[in-house]
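Here is a structure to talk through in questions and answers. Take a look at it first, and then we can go through it together.

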Amino acid sequence: MRFCIICGKRTDELYNNMCRECYKENTELVRVPEVINITICPECFSYMFRGKWEKAENPYDIHDVVHDAILRNLAPKVKYIARAVKSMDVILDKSIKLVPYKKSKIDVTLLVEGLVDERVGYFMKSYNLKANIRWRLCPLCFKVKAQVEEAILQIRADGRKLDDDEILRIRNLVEEILYQAYEEEGKSPLIKVEEDKKSGGMDLYFA
Ligand SMILES: [Zn+2]
Ligand SMILES: [Zn+2]
């Protein structure tokens, strides 16, 4: 009779000098990232996958949407250690409050069923990670909103006029933000920039 190096149980059935239970406990099936970033449209619940927007399968349940978005984005980032993986699923705590437009960092569990040693067979293992949920309008919803919403951002110095240097710095900053928006959405939300001579400020018009 031999014994398990972990728990000391006496058995002849050993895998890497461990009993079946300890082997499962101490053998990894996959490696998962600590954090995963997810971007979801707060209006239609489409989500980003590999730089493209994907329609949500069930856009009526925010937990389903977040679940799908995480699983989809996580799967390609999981490194397999197991020789075969039969199933992989994301477990979300349904009591987690998910609110569109509100950034959140949530705990997620990835459940994996995999095979490392034929004699042991398939077994389940769970992995914990965090998911950053970020919200951004998809181009379609952005277009719809652009037709109905308009915003003016007025930039004023308190009790005086903006000087040339300040105007230049604001313009550069705005250009930087718009360039970023253009890169991400393929268009820019700014319609026009006007200097308001009377107040010495700037007005930015957004669609
Ligand atoms: Zn053991
Ligand atoms: Zn959308």
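This is a predicted model: local features need pLDDT of at least 70, side-chain atom pairs count only at pLDDT 80 or more; totals for chains, interfaces and linings use all residues.

Q: Which residues coordinate the zinc ion (ligand 2)?
A: Donors are N, O and S atoms within 2.8 Å of the metal, or 3.2 Å for Na, K and Ca; water is not among the atoms, so sites may look incomplete. Here the SG atoms sit at 2.3 Å, and the sequence spacing of their residues is C-x2-C-x93-C-x2-C. The residues are Cys-41, Cys-44, Cys-138 and Cys-141.

Q: Why does the arrangement around the zinc ion (ligand 2) get its name, and what is that name?
A: Four donors are called tetrahedral if all angles lie between 85 and 135 degrees; four are square planar and six octahedral if opposite donors are over 155 degrees apart and all others between 65 and 115, and anything else is irregular. For reference, the ideal angle for four tetrahedral donors is 109.5 degrees. The four donor atoms of the zinc ion (ligand 2) subtend 105 to 115°, so the arrangement is tetrahedral.

Q: Of Cys-41 and Cys-44, which is partly exposed?
A: Cys-41 has a relative accessibility of 0%, so it counts as buried. At 24%, the partly exposed residue is Cys-44.

Q: What spacing along the chain do the donors of the zinc ion (ligand 1) follow?
A: The protein donors are the SG atoms of Cys-4, Cys-7, Cys-19 and Cys-22, lying 2.3 to 2.4 Å from the metal. They subtend angles of 102 to 116°, which makes this arrangement tetrahedral. Of these residues, Cys-19 and Cys-22 are buried. The spacing is C-x2-C-x11-C-x2-C.

Q: How many disulfides are there?
A: A disulfide is taken as a pair of cysteine sulfur atoms within 2.5 Å. Under that rule the count is zero.

Q: What distance separates the centres of domain 1 and domain 2?
A: Domain bounds come from an automatic or database domain assignment. The protein chain is divided into domain 1, covering 2–137, and domain 2, covering 150–206. Taken over C-alpha atoms, their centres are separated by 44 Å.

Q: Which residues have the most contacts inside the largest nonpolar core?
A: A nonpolar core is a set of buried Ala, Val, Leu, Ile, Met, Phe, Trp, Tyr and Cys residues joined through side-chain atoms within 4.5 Å. The largest has 40 residues, and the elements supplying at least two residues each include helix 2 (62–74), strand 9 (104–115) and strand 10 (123–135). Helices (H or I, at least four residues) and strands (E, at least two) are DSSP runs, numbered from the N terminus. The residues with the most contacts inside this core are Ile-40, Ile-70, Ile-106, Leu-110 and Ile-133.

Q: Which loop holds Ser-46?
A: Ser-46 is buried, with a relative accessible area of 3%. Leaving aside neighbours within four places in sequence, Ser-46 is in contact (heavy atoms within 4.5 Å) with residues including Cys-41, Trp-53 and Glu-54. Its place is in the loop between strand 4 and strand 5.

Q: What phi does Phe-45 have?
A: Most residues other than glycine have a negative phi. Phe-45 lies in the loop between strand 4 and strand 5, and at 11% relative accessibility it counts as buried. Although not a glycine, Phe-45 has a positive phi of about 65°.

Conventions:
Residues are numbered from 1 along each chain as its sequence is written. Chains are lettered from A and ligands numbered from 1 in the order in which they are written. Side-chain values use heavy atoms; hydrogens and water are left out. Buried means under 20% relative accessible area, exposed over 50%, partly exposed in between (1.4 Å probe, protein chains only).
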